[in-house]
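Here's a quick briefing on the model you have open. Have a look at the fold first, then go through the notes.

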Amino acid sequence: MTASTSPPQASMFFRRGWAHRLWRNIHLWLGIGLFVLLVPVALSGAILVYHEDIGEMMNTPRGAVASSADIDVAAAVANATKAAGDKFQPTAIRFPEDTRVPVAVSVRGPAARGERPAFLTVQVDRADAHVIKVTNFRESFFGFMHVFHENLTIPDYGRSIVGWTGAAMLVLSLSGLYLWWPRHNQWARAFAWRRKPSTSSNLHHMAGFWICFPLAFLSLTGIYLAWPQQGRALLSSVAETTPQQRGRTPVTPERSAADIYAIVKARPNVEVAAISYPTRQSNGWRIQVREGGEVVSLIVNDKTGAVSTVQPLTGDHIGFWIRWLHEGSHAGEVWRLVVFVTGLMPAILGVTGIILWLRQRRQRKLIHAGPAARTFPAPLVGETTPAE
């Protein structure tokens, strides 16, 4: 009876061991081979989680107090345009919720042939609309982090590299979960810190498990954002989305930003969050307002001043949430902290993984060399076997 059941059991054990070795090697060589790419992309994402808070803190003058009076929008735009230069046109105005923080006026300059137009951000004081400073966001630290995280500062094919990096991160997180999964339902041992004899092994094991699900989710959403056209096409196949507008060529509006601000402020219980100027591709001024604890988008007709509420389609909502969850915004401070920690973890997992790999290589060499070449005891029971 025992002899008849032994071959199937041995075959099952062989198949299970072969699959484990295969995924262990995929996990190992993906992690080591792409370490210098995976870690910077993840760390830059972690840095960007709090970039708006840090930016507002850095742009707010020391000792600034909350402004109780409404800002003079006309003076703010005029002063910002003058500070940037005569050839610059305003494109957007952002009003932070904290009234101590200056208003940010975005302006666009002329583009040299074959180059992108220049974009500047002018910080304007809320109290008297004087210009605090003029910055080029793309040349700032956070501007560089944004560009690096999106395309590695490689305009032509950097996004594709970042997309494939996200795919590799997804494989690493799922294969790590497979390798962590306890055999013979030994769940108590699986969640124990001392599952392995070394600190680096335990840290890799425990941190890898607790971070694998958010890491897989952020990798998946990162893949969507890295290929926006393909992602939007896939999304539109299952949910209705608004046709995407290409290009944002500025036009000279008939109304001023101050007029639009006054029209929107006339609505009850509304706080203006941002004003975007009309473009050749849009139908008017696009306004974001804080209303009832939510951010609502409005369209103001440049000719008639008529206000209409934008009703995002189902696909648009899904697309917004994919970006928001990837960035760690609009989902509460707990999720934002999770996204931040998840961005830090690949560096820890990469370093501990390399330490494990080097230790296993050394142990394997000692095993092949024989007992006489060993200067320290053989691997402890429970240590991971060397990678094939």
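This is a predicted model: local features need pLDDT of at least 70, side-chain atom pairs count only at pLDDT 80 or more; totals for chains, interfaces and linings use all residues.

Residues are numbered from 1 along each chain as its sequence is written, and side-chain values use heavy atoms, with hydrogens and water left out.

**The H5–H6 loop**

- Thr153 sits in the loop between H5 and H6; helices here are DSSP runs of H or I with at least four residues, strands are runs of E with at least two, and both are numbered from the N terminus.
- Phi of Thr153 is near 60 degrees, which is positive even though the residue is something other than glycine.
- Leu152 is found in the loop between H5 and H6 too, and this non-glycine residue has a positive phi of about 60 degrees.
- Leu152 is buried, at a relative accessible area of 10%.

- Two packed helices are described by the angle between their axes and the distance between the axes.
- Axes are lines fitted to C-alpha atoms, for helices over the stretch in contact, and the angles run from 0 to 180 degrees between N-to-C directions.
- H5 (residues 141–151) and H6 (residues 158–180) have axes that come within 6 Å and cross at roughly 70 degrees.
- H5 and H6 are therefore roughly perpendicular to each other; the classes are under 35 degrees for roughly parallel, over 145 for roughly antiparallel, 65 to 115 for roughly perpendicular, and oblique for the rest.
- On the H5 side His149, Glu150 and Asn151 meet Gly158, Arg159 and Val162 of H6, with contact meaning heavy atoms within 4.5 Å.
- Sorted by class, the contact of H5 with H6 has one nonpolar, three polar and two charged residues; Ala, Val, Leu, Ile, Met, Phe, Trp, Tyr, Cys and Pro count as nonpolar, Asp, Glu, Lys and Arg as charged, and the others, Gly among them, as polar.
- H2 (residues 35–48) packs with H6 at an angle of about 100 degrees, with the axes 10 Å apart.
- H2 and H6 are therefore roughly perpendicular to each other as well.
- From H2, the contact uses Leu37, Leu38, Val41 and Ala42, and from H6 it uses Ile161, Thr165, Ala168, Met169 and Leu172.
- The contact of H2 with H6 divides into eight nonpolar residues, one polar and no charged.

**Aromatic pairs**

- Searching the whole structure turns up 14 aromatic pairs; rings of Phe, Tyr and Trp (its six-membered ring) pair if their centres lie within 6.5 Å, and planes under 30 degrees apart count as stacked, over 60 as edge-to-face and the rest as tilted.
- Phe95 and Tyr261 have ring centres 5.3 Å apart and planes at 35 degrees, so this pair is tilted.
- That pair links distant parts of the chain, 166 residues apart: Phe95 is in the loop between strand S1 (89–94) and strand S2 (103–108), and Tyr261 is in helix H10 (residues 257–265).
- Phe95 is buried at 4% relative accessible area, and Tyr261 counts as buried at 10%.
- Trp180 and Phe209 make a stacked pair, 4.1 Å centre to centre with 20 degrees between the planes.
- Trp180 lies in helix H6 and Phe209 in helix H8 (residues 199–226), so the pair ties together parts that are 29 residues apart in sequence.
- Trp180 counts as buried at 5% relative accessibility, and Phe209 is buried at 12%.
- One aromatic cluster is formed by Trp180, Trp181, Phe209, Trp210 and Phe213.

**Whole chain and confidence**

- The chain has 12 helices and eight strands, and buried residues make up 38% of its 388 residues.
- The average pLDDT (the predictor's confidence in each residue, from 0 to 100) is 85, and 89% of the residues score at least 70.
- Residues 1–5 stay under 50 in pLDDT, and the model gives them zero contacts beyond four places in sequence.
- Residues 378–388 are also below 50, yet this stretch has 26 contacts in the model beyond near neighbours in sequence.

Technical notes:
Buried means under 20% relative accessible area, exposed over 50%, partly exposed in between (1.4 Å probe, protein chains only).
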